[in-house]
Amino acid sequence: MELKGRAISKGRAEGVALVSKKPFSFLGGVDKDGKIIDKNSDVYGESLKGKIFVFPYGRGSTVGSYVIYSLAKKGILKGIVNKECEPIIASGAILAGIPLVDKVDIDKIK
């Protein structure tokens, strides 16, 4: 399968995709070890460890950028794919130095 998108934060990453069909907030949505703790998430209980996190778009606090940074610096989060990226997610990925691509039809990803 080939998907095309727009690079927001350039780089390369390999890993298994963790795909959520719901918007996601990194503040309160994930713990310090990368476990999804948002009970409303369709990936609740899953781990971001070594994964490429795929979700439609971010929601929530600007502190989410620093959560992304922390997860990436611990080697937990490898990259992000969004349908439509917004500034909190973009700044987090850029700050963390992890790849982020948007404008991807995530409905094709299983």
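This is a predicted model: local features need pLDDT of at least 70, side-chain atom pairs count only at pLDDT 80 or more; totals for chains, interfaces and linings use all residues.

## Model and annotated region

Helices here are DSSP runs of H or I of at least four residues, and strands are runs of E of at least two, numbered from the N terminus.

## The nonpolar cores

The largest nonpolar core has 23 residues, and within it F26, L48, F53, L77 and I80 have the most contacts. Two or more residues of this core come from each of the strands β3 (51-55) and β4 (77-82), and likewise from each of the helices α1 (64-73) and α2 (87-96). Another core lies apart from it, made of seven residues, including V19, V54, I106 and I109.

If residues up to four places away in sequence are not counted, F53 touches L18, S20, F24, F26, I36, V43, L48, L77, G79, I80 and V81.

## The largest pocket

The largest pocket holds about 350 Å³ of space. Its lining is formed by 19 residues, and those that lie nearest the centre of the pocket are G11, A13, V81, P99 and V101. At least two lining residues are supplied by each of β1 (6-9), β4 and β5 (100-102), and β4 gives the most, with three residues.

## The cavity

Rolling a probe the size of a water molecule over the atoms shows where empty space is left. The structure holds one cavity of 30 Å³ or more, and the space in the largest cavity comes to about 40 Å³. The residues that line this cavity are F24, S25, F26, L27, G58, R59, G60, S61, G64, E86, I88 and I89, and they divide into five nonpolar, five polar and two charged.

Is S41 buried or exposed? S41, which is found in the loop between β2 (16-19) and β3, counts as buried because its relative accessible area is 10%, and buried means under 20%. Leaving aside neighbours within four places in sequence, S41 is in contact with S20, F24 and I36.

A17 lies in strand β2, and A17 is partly exposed, because its relative accessible area of 39% falls between the cut-offs of 20% and 50%. With neighbours within four places in sequence left aside, A17 is in contact with I52 and V54. The C-alpha atoms of A17 and G29 are separated by 18 Å, and these two residues are 12 residues apart along the chain.

K103 lies in the segment after β5 and has a positive phi of about 65 degrees, although K103 is not a glycine. With a relative accessible area of 42%, K103 is partly exposed.

How values were computed
Residues are numbered from 1 along each chain as its sequence is written. Side-chain values use heavy atoms; hydrogens and water are left out. A nonpolar core is a set of buried Ala, Val, Leu, Ile, Met, Phe, Trp, Tyr and Cys residues joined through side-chain atoms within 4.5 Å. Buried means under 20% relative accessible area, exposed over 50%, partly exposed in between (1.4 Å probe, protein chains only). Contact means heavy atoms within 4.5 Å. On a 1 Å grid over the protein atoms alone, a cavity is a set of points where a 1.4 Å probe fits but cannot get out, and a pocket is an open set with protein on both sides within 12 Å along at least five of seven lines; lining residues have an atom within 4 Å of a point. Grid points are joined across faces, edges and corners, and a volume is the space filled by probe spheres set on the points. Ala, Val, Leu, Ile, Met, Phe, Trp, Tyr, Cys and Pro count as nonpolar, Asp, Glu, Lys and Arg as charged, and the others, Gly among them, as polar.
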